[in-house]
Amino acid sequence: PLHRGVPAIRVTSSSNDLLDSQVKEQTEKEELDRNQSSHRFPFWSLFSDSSPLTKYDATDNGFASDPSTVGTPRSRHRLTMLLLKSSLVVIVILALTGSFWWTLSISTSSRGHIFHSSRRLQELLVSDLWDIGELSFGTSRMKEIEFCPGELENYIPCFNVSENLDSGFSDGNEYDRVCRQGSRQNCLVLPPMNYKIPLRWPTGRDIIWVANVKITGQEVFTSGSLTKRMMMLEEEQISFRSASLMFDGVEDYSHQIAEMIGLRNESNFIQAGIRTILDIGCGYGSFGAHLFSEQILTICIANYESSGSQVQLTLERGLPAMIGSFSSKQLPYPSLSFDLLHCARCGIDWDKKDGTFLIEVDRVLRPGGYFVWTSPLINVQSSLRNKEKQKRWNFVRDFAENLCWELMSQQDETVVWKKTSKKTCYNSRKSGSGPSICSKVQDVEFPYYRPLQNCIGGMHSRRWVPIEERATWPSRSNLNRSELALYGLHLDELNEDTANYRIIVRNYWSLLSPLIFSDHPKRPGDEDPSPPYNMLRNVLDMNARYGGLNAALLEARKSVWVMNVVPTTGPKYLPLILDRGYFGVLHDWCEAFPTYPRTYDMVHAEGLLSLESSQHWRCTMLDIFTEIDRMLRPE
């Protein structure tokens with residue numbers, strides 16, 4: 001009543017109640033109008049306190065609020081919320097701007113690496129989509145593949161002796177590999193009736209099932225090779241025992257070779273630079289089986305045999321082997337590939353064809369490598385009594401000298417030569433003595449079953465490094481920058497490949513687990529146990545690249561050996577694989593691989609279909625998959 005001259009008014013009780021109700025209704029109406037206005041004009045409502053006072057703009061104590069004050073608590077709350085929202089918008093704008101500039105800086109500094117990884121992912125994606133498309137198109141024209149006749153249980157395309165004889169091949173050439181157009185049969189090769197899954201390594205190295213291979217009892221006991229002797233146990237098994245008197249003592253034989261080289265025993269082969277051995281006419285692989293415990297990798301090659309095959313029995317034992325012949329064509333290996341070549345009564349007449357076979361040995365032998373030959377022809381006493389034998393031995397000895405081989409030692413029926421480490425030796429020979437050096441045109445580093453040459457190869461290769469100067473195993477598998485430069489490869493590329501295959505092998509092994517142990521009962525909640533380290537033994541990599549799968553399997557301590565295959569249509573990194581201390585071969589996958597059926601536990605084919613599709617499918621996908629099926633063991 002004393003507010004700025006407003007006169008006092010006396011009201012009655014009833015009038016007072018009426019006035020209170022009217023004031024209350026009017027106040028609520030104005031408040032509602034204000035709220036509606038604030039929703040329509042939020043910015044105006046924040047500053048509405050500076051508007052002229054009404055007669056009801058009074059404080060709780062009855063005095064009107066000062067226009068110079070901030071405002072009511074409701075308005076202060078609205079102002080705070082606006083400031084918070086504005087701050088949030090500014091923070092988001094700053095964050096997005098910073099992220100944009102950071103992305104630009106990263107892309108500028110490491111654009112090459114990101115592009116390389118992105119490009120690789122795109123290539124993998126296109127490859128996978130292409131393969132899926134091929135398979136999806138194939139279902140529309142799918143046909144049922146028939147089984148091969150029973151007599152083809154050991155069927156190997158490209159090896160047909162009778163057909164070669166009909167075509168006029170002779171003098172051992174009938175065993176040559178001849179892949180005729182249209183001669184391949186796309187049928188599924190059935191295993192023998194009583195086939196059994198091979199025993200796991202190392203038990204399977206010494207005992208195999210008779211039903212799994214084609215051999216007769218007469219072939220077992222009449223074999224002439226030093227390392228072919230064996231003993232049959234019961235009726236279902238063949239046993240290879242080094243303790244057997246019929247085995248001719250491979251351990252003593254290996255010890256003798258080491259001493260002839262100048263080593264204490266065979267355990268010093270690694271220190272002498274010997275890691276890979278090519279065993280020609282290997283018998284049944286017992287020489288390589290004995291050296292495997294010394295970390296020596298021995299690969300067996302022998303002619304195709306329809307029965308009693310050296311290659312088939314060696315692979316059945318879980319040892320490296322493939323069909324290969326010295327008759328008329330070069331072996332599918334690069335020059336300078338092996339540290340030692342071994343021939344123990346291997347059936348090759350080294351004095352024939354004017355020494356061409358010895359020239360091929362020299363081509364694949366590394367500088368400083370060894371050639372070990374065991375034959376009755378070498379026996380001095382018998383040669384003196386037989387003029388023909390003496391003549392043949394003299395030819396081989398003189399020809400080896402003209403190849404710049406040093407005669408290290410000769411004992412009983414065994415002789416050891418060492419290939420020269422110096423190129424100057426060839427120029428110091430007498431004119432007209434021995435074969436000439438191949439020209440650059442003739443000296444092809446990647447021969448694929450080319451005719452045998454009568455000139456010395458490998459002389460123009462940048463890989464001419466004596467075995468004594470190479471790193472010993474296992475350090476050899478990790479090449480340095482300068483060594484990789486010989487193959488046009490960077491260390492980062494090899495490291496990336498190695499890391500990738502470490503993950504791949506770990507994933508493969510985990511995927512094998514539920515398949516292997518699916519029949520084994522386990523308690524609920526228990527994880528599947530890891531497959532045993534010796535679950536696989538014979539592994540074939542159809543597109544080996546740098547040998548990364550081989551390296552990862554050995555690093556993971558899996559008891560495997562890997563046949564690294566480099567396709568003829570892909571990058572030629574086979575010399576790199578061989579120089580890392582692994583085994584490898586060049587091959588065209590539109591042709592049959594030189595092996596018997598049922599010889600590999602695992603076939604790996606990363607990127608193979610993409611590689612073949614880039615060549616416009618010279619052969620069908622059916623050809624490739626029937627070949628894979630032929631090589632794989634049951635289960």
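**An exposed leucine**

Select Leu96 to begin: with a relative accessible area of 58%, Leu96 is exposed, where exposed means over 50%, buried under 20% and partly exposed in between, using a 1.4 Å probe and protein chains only. The model is predicted, so local features need pLDDT of at least 70 and side-chain atom pairs count only at pLDDT 80 or more, while totals for chains, interfaces and linings use all residues. Residues are numbered from 1 along each chain as its sequence is written, and side-chain values use heavy atoms, with hydrogens and water left out.

Leu96 is found in helix α3, residues 73–109, helices being DSSP runs of H or I with at least four residues and strands runs of E with at least two, numbered from the N terminus.

**A buried arginine**

The backbone oxygen of Leu578 lies 3.0 Å from a polar atom of the Arg366 side chain.

For contrast, select Arg264, which lies in the loop between α8 (250–261) and β4 (276–280) and counts as exposed at 70% relative accessibility.

**Disulfides**

Now display the cysteines: the structure holds 7 disulfides, each a pair of cysteine sulfur atoms within 2.5 Å.

Cys148 and Cys187 form one of them, with their sulfur atoms 1.9 Å apart. Cys148 lies in the loop between α4 (111–140) and α5 (161–166) and Cys187 in the loop between α5 and α6 (203–206), so this pair ties together parts that are 39 residues apart in sequence. Both Cys148 and Cys187 are buried.

Go on to Cys404 and Cys425, whose link is left-handed, with -100 degrees about the S-S bond. Here Cys404 is buried, with a relative accessible area of 6%, whereas Cys425 counts as partly exposed at 23%.

Finish at Cys590 and Cys619, joined by a disulfide with an S to S distance of 2.1 Å; both cysteines are buried.

Methods:
Polar contact = N/O pair within 3.5 Å; in protein donor to acceptor, adjacent residues only side chain to side chain.
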